[in-house]
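Here is the note you asked for on this model. Please keep the structure open beside the text while reading the numbered points.

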2 protein chains.
Amino acid sequence: MLNFVFHNPVKIVFGKGTISQVGELAPTKGRIMMTYGGGSIKRNGVYDQVKEALKGRDVVEFEGIEANPLYETCMKAVKLCQKEKVDFILAVGGGSVIDGSKFIAAAVPYQGKDTWDILRAGAGDEGAEVKSAIPLGTVLTLPATGTEMNANSVVSRKSTMEKRYFSSPFVYPQFSILDPETTFTLPEKQTANGIVDAFVHVVEQYLTVDVNSPLQDRQAEAVFLTLIEEAPKALANPRDYDARANIMWSATCALNGLIGCGVQQDWATHMIGHELTAVYGLDHAQTLAVVLPPLLRRQKKAKLDKLVKMGERIFGICAADKDAAAEKTIVAIEAFFNSVGVPTTLSAYNIKSSEAAAVVYRRLKSLNSVFGEHADITPEAVRDILSA
Amino acid sequence: MLNFVFHNPVKIVFGKGTISQVGELAPTKGRIMMTYGGGSIKRNGVYDQVKEALKGRDVVEFEGIEANPLYETCMKAVKLCQKEKVDFILAVGGGSVIDGSKFIAAAVPYQGKDTWDILRAGAGDEGAEVKSAIPLGTVLTLPATGTEMNANSVVSRKSTMEKRYFSSPFVYPQFSILDPETTFTLPEKQTANGIVDAFVHVVEQYLTVDVNSPLQDRQAEAVFLTLIEEAPKALANPRDYDARANIMWSATCALNGLIGCGVQQDWATHMIGHELTAVYGLDHAQTLAVVLPPLLRRQKKAKLDKLVKMGERIFGICAADKDAAAEKTIVAIEAFFNSVGVPTTLSAYNIKSSEAAAVVYRRLKSLNSVFGEHADITPEAVRDILSA
């Protein structure tokens, strides 16, 4: 096992009827900015529940944080925050609303010349250091990214077609409310995307090098197995509370730092996927389902032991040799993504893979980006992966 | 799944050579009281490492917190803390030193009439509310109790032969340093005790009622399986770093709140075990190994589904019917405890079970104590369990 630091101060309030607690969890003094997306929370009753719980409080609203939240949109919220002297941000929605709100929280007090500098990470750059942030809390309505219990945020810039991230302990939510009933009315596509996103978060931390970390391996496998078991239940019966709850908590545990303790991590699939979203506007999970299988095939040797272990423990695979077992594991992962309705080829989106490979190659080459746990996913490797 | 709140702000710093970081983790201003036990940290070099890291700092020491830390001893430390105006407590040792230090931290600012009131919990009483505590940090040297990453503390009172606990968010350690190398020189008995203690912590949260919580079940099973796999390695080769590290992190994850999220919990084995320690002075883990098997046999019906699941997933048991599978699971648990050298009968300690049953019955009857996830472990049930 590798040395590690684990520190996650987010308070999770999980279960039926918990949104009413937002009034006690949010600070009683000062001005709250409530951020949300395109209005689905107004249709499913979450907006009303939150407003009811915050009755009598000083609340300003910022509506319209889109999927793959835009820097341009967030900067409008930053201006509103500064003008209205906001003391606390309450993000109500899915990963995009929360990620956007984390960036807003960090951008408001940011003293640097160019606020975009916060987001330079992931572009072969460390990004500017975040030294403070407005405190925030969240009400999660879409299990997927794990942002409700971590210090990460991913934001896109329309003007330059870039998708970047930052991490800072200052943007850990003070609390996150997870009520599985809020997910009953999710469109099937979003449910499926969320499952694939959470699954690939586990892959990024598990399918690397075996460093003799049996506990973390099994904690990761716990998330894989739960997602695989519960996905068809939630898709067949969207109001199955337990299936929704089990998926919601799995998505949080997929990226709250725990399964990544003391192990090597990859994240190449995410980095390549971000490029596909930036260029083609694909959903985040769609890009992951497209990139992961060819990436695993290319890295089969480097990831062999873990692919075999995953095949055995997750999919019950046994094969004549390790190479065959690894290939069967990759096929099983593809089959799982397809089974929930998320395709594994670019052609499903009418994108020519050779073209995508060329475009993404040029973008990454100009940045000298190198990804992966062995730092061997060069721009050339990415071209191969996307051409496959 | 049941509703739950999860909030664990402890910063874990894990791995080789991490004790040197205590200087950065502890506050730079104010007086630190370093608490420790009987001197083993002086023999294994941990004392020197901590002192070196705290060079130039204002440190007072309190030595002599014993196994099953005594209220009487802790109150001496409370007086010293008050006299020396201590600002921060650094507990260096195993679960007893840390539990004792948590109580000291809460007792110093306690305003109530009788400080013992803090510890009335577990005696059919809630205990006095802890409203503040001196901040503390820990350097763990014995993986077992999980106290390094939770808000619990168990303390015994010599004068009245009571063993009681309290929980308060104010006594979450600010940080805990876990260097597996500190455990290389543990006596075999302490290694084995720690493994049994961690194992039974998982049992208390897992072997109850199935509430459809597949993720938490598998996170619990991850700890079981790791302990079972790594125990013989650490016992055969005490300097096996990975085995020590895997056991250490497993013991922490066994009782940091995670596997208990949204599930029913038991804790009857612990409550009965505390009585055996209070009366006969048995090690905590020794009492658990003695109490658990007969308790499981008595509760076999109420715990049937989970016993069968545990048998299947942990011990590879299949049987003609559920009752037979459950019995095989209990036998396998007994065999595991015996395999690490912790006996499962009172006779191994020359204690007559009928006598112990009578003594503990009288003590619990006078308090009207009732334990277990179904609140059906009455004093009479405890008498049956201990007589078995």
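1. A residue is called buried if 20 or more other C-beta atoms lie within 10 Å of its own. By that rule, and bearing in mind that this is a predicted model, strand β3 of chain B, residues 31-36, is mostly covered, since five of its six residues are buried.

2. The strands that pair with β3(B) deserve a careful look. Strand β4 of chain B, residues 58-63, is joined to β3(B) in the parallel sense over six bridges, and within this pairing B:Tyr36 stands opposite B:Glu63. Strand β5 of chain B, residues 88-93, also pairs with β3(B) in the parallel sense, here over four bridges, with B:Met34 opposite B:Leu90.

3. In general, the strands of a sheet pair through backbone hydrogen bonds, and they may do so either parallel or antiparallel. An open sheet of seven strands shows mixed pairing, in the order β4(A)-β3(A)-β5(A)-β6(A)-β9(A)-β2(A)-β1(B). Its edge strands, each of which pairs on one side only, are β4 (58-62) of chain A and β1 (4-6) of chain B. On average, and with direction ignored, neighbouring strands of this sheet are turned by 15° against each other. At the chain A end of the order, strand β3 (residues 31-35) of chain A runs parallel to β4(A) and is joined to β4(A) by five bridges, with A:Thr35 standing opposite A:Phe62.

4. The two chains also meet through β1(A) and strand β2 (residues 11-14) of chain B, which pair in the antiparallel sense over three bridges; here A:Phe6 has B:Ile12 as its bridge partner.

5. How many residues of chain A are in contact with chain B? There are 31, and they touch 31 residues of chain B. The elements that give two or more residues to this side of chain A are β1 (4-6), β2 (11-14), α7 (214-236) and α8 (241-254), and the largest share, nine residues, comes from α7(A). By class, this side of chain A divides into 16 nonpolar, 10 polar and five charged residues.

6. Within chain B, the axes of helix α6 (residues 188-206) and helix α7 (residues 214-236) come within 10 Å and cross at roughly 165°. Angles over 145 degrees count as roughly antiparallel, and α6(B) and α7(B) are therefore roughly antiparallel to each other. Their crossing is left-handed. The contact includes B:Ile195 and B:Phe199 of α6(B) as well as B:Phe224 and B:Leu227 of α7(B), and by class it has 13 nonpolar, two polar and two charged residues.

Conventions:
Residues are numbered from 1 along each chain as its sequence is written. Chains are lettered from A and ligands numbered from 1 in the order in which they are written. This is a predicted model: local features need pLDDT of at least 70, side-chain atom pairs count only at pLDDT 80 or more; totals for chains, interfaces and linings use all residues. A residue is buried if 20 or more other C-beta atoms lie within 10 Å of its own, exposed if 12 or fewer, and partly exposed in between; C-beta atoms are placed from the backbone. Two strands pair if DSSP finds at least two bridges between them. Axes are lines fitted to C-alpha atoms, for helices over the stretch in contact, and angles run from 0 to 180 degrees between N-to-C directions. Angles under 35 degrees count as roughly parallel, over 145 as roughly antiparallel, 65 to 115 as roughly perpendicular and the rest as oblique. A crossing is left-handed if the near helix is turned anticlockwise from the far one by less than a right angle, and right-handed if clockwise. Two residues are in contact if their C-beta atoms, placed from the backbone, lie within 7 Å. Ala, Val, Leu, Ile, Met, Phe, Trp, Tyr, Cys and Pro count as nonpolar, Asp, Glu, Lys and Arg as charged, and the others, Gly among them, as polar.
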